[in-house]
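Please keep the sequence and the model in view while reading.

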Amino acid sequence: FTLLAAITVMLAAVQSSLDERMREVAVMRTLGAGNALLHRAVLAEFILLGLLAGLLAALTASAVAWGLSSWVFEMPWHFTPWVLLAGLLVGGLIIPLFGMLATRRVLHTPPLLLLRQ
């Protein structure tokens with residue numbers, strides 16, 4: 001649930017800052033940045049966001065599991081590191097995928113078209 005919320009918030013943030021991102025990419029291209037550099041920069045941004053979202057999701061899931069097992073089911077709770085690893089892995093893969101899809105238009109628009117606007 002936390003990862004789905006992170007994807008939704010990330011897509012809304014990307015859409016709201018699309019014009020600013022397009023201007024930044026146009027200026028960077030004008031200053032000599034190539035497609036590979038721009039793709040790597042955007043990918044690194046979304047990977048870090050994904051890892052952070054995955055970490056938050058895993059910690060939230062562990063906290064909810066601890067609360068339910070301790071207070072509702074009155075069972076002993078044991079931390080499983082696989083939850084943390086799965087959260088990081090899923091967040092680190094899903095958020096960059098959706099982020100790159102959302103910024104695809106920004107990365108493929110010619111800078112001259114953007115600067116004329």
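The largest nonpolar core has 16 residues, and V14, F46 and L107 touch the most other members. A nonpolar core here is a set of buried Ala, Val, Leu, Ile, Met, Phe, Trp, Tyr and Cys residues joined through side-chain atoms within 4.5 Å. Two or more residues each come from α1 (2-16), α2, α3 (35-72), α4 (81-102) and α5 (104-108). Helix α3 gives the largest share, four residues.

The model is predicted: local features need pLDDT of at least 70, side-chain atom pairs count only at pLDDT 80 or more, and totals for chains, interfaces and linings use all residues. Residues are numbered from 1 along each chain as its sequence is written, and side-chain values use heavy atoms, with hydrogens and water left out.

**Overall form**

The chain has six helices and zero strands. Helices (H or I, at least four residues) and strands (E, at least two) are DSSP runs, numbered from the N terminus. The radius of gyration is 19 Å, whereas a compact globule of 117 residues would have one near 13 Å. That radius is taken over C-alpha atoms, and the globule rule is 2.2 Å times the number of residues to the power 0.38. Along the principal axes, the C-alpha atoms fill a box of roughly 65 × 25 × 15 Å. Buried residues make up 31% of the 117 residues. Of the contacts between residues at least 6 apart in sequence, 84% join residues at least 24 apart. Contact means heavy atoms within 4.5 Å.

**Helix α2**

Helix α2 covers residues 18-30. At 1.5 Å a residue, its 13 residues should span 18 Å, and its end C-alpha atoms are 18 Å apart, which agrees. The expected span is 1.5 Å times one less than the number of residues. Its buried residues are L18, R21, M22, V25, A26 and R29. They cover an arc of only 135 degrees around the axis, so they sit on the same side of α2. The arc is that of the directions from the helix axis to the C-beta atoms. An α-helix has 3.6 residues a turn, so residues three or four places apart point the same way. The face turned away from the buried side carries the exposed residues D19, R23 and T30. After α2 comes G32, with a positive phi near 110 degrees.

Buried means under 20% relative accessible area, exposed over 50%, and partly exposed in between (1.4 Å probe, protein chains only).

| Residue | Relative accessible area | Class |
|---|---|---|
| T103 | 1% | buried |
| R21 | 16% | buried |
| E45 | 32% | partly exposed |
| H108 | 53% | exposed |

**Contacts around these residues**

T103 lies in the loop between α4 and α5. Not counting residues up to four places away in sequence, T103 touches V14, R21, V42 and F46.

Which residue forms a salt bridge with R21? The partner is E45, with the closest N and O atoms 2.9 Å apart. A salt bridge is a side-chain nitrogen of Lys or Arg within 4 Å of a carboxyl oxygen of Asp or Glu. The structure holds one salt bridge. The pair links distant parts of the chain: E45 is in helix α3 and R21 in helix α2, 24 residues apart.

H108 lies in helix α5. Leaving aside neighbours within four places in sequence, H108 is in contact with R29 and H39. H108 and L55 are 53 residues apart in sequence and 31 Å apart in space, C-alpha to C-alpha.
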